[in-house]
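Let's look at it together.

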Amino acid sequence: MANSVTAYYTFDKTKSDAWLDKVKPYFAKNVTLSSSTNTEDMKLLQAKLNGIFTVDSIKIDNFR
């Protein structure tokens, strides 16, 4: 679960297509993402897992 947050918030705008390939598997199939979703370089330094929930066999993580 932590990998999804790290992948989403670690973004290098020179490698936006690679970022898109990394984060796509963490989103529902009917969610459309674009490599232009992020426009600034980002790097996740710290996150705290608040909970993991399962709804209709889908895992949902909640971070702070």
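I began with the term for accessibility: buried means under 20% relative accessible area, exposed over 50%, and partly exposed in between, with a 1.4 Å probe and protein chains only. I noted that this is a predicted model, where local features need pLDDT of at least 70, side-chain atom pairs count only at pLDDT 80 or more, and totals for chains, interfaces and linings use all residues. Residues are numbered from 1 along each chain as its sequence is written, and side-chain values use heavy atoms, leaving out hydrogens and water.

**Confidence.** I looked up pLDDT, the predictor's confidence in each residue from 0 to 100. The protein averages 79, and 89% of the residues score at least 70.

**Ring pairs.** I counted four aromatic pairs. Rings of Phe, Tyr and Trp (its six-membered ring) pair if their centres lie within 6.5 Å; planes under 30 degrees apart are stacked, over 60 edge-to-face, the rest tilted.

**Tyr8 and Trp19.** Their ring centres are 5.6 Å apart and the planes meet at 55 degrees, so I logged the pair as tilted. Tyr8 is partly exposed at 21% relative accessibility, whereas Trp19 is buried at 3%.

**Tyr8 and Phe27.** I found this pair tilted too, at 6.2 Å centre to centre and 55 degrees between the planes. Is Phe27 buried or partly exposed? I read a relative accessible area of 32%, so Phe27 is partly exposed.

**Cluster.** Finally, I saw that ring pairs link Tyr8, Tyr9, Phe11, Trp19 and Phe27 into a cluster.
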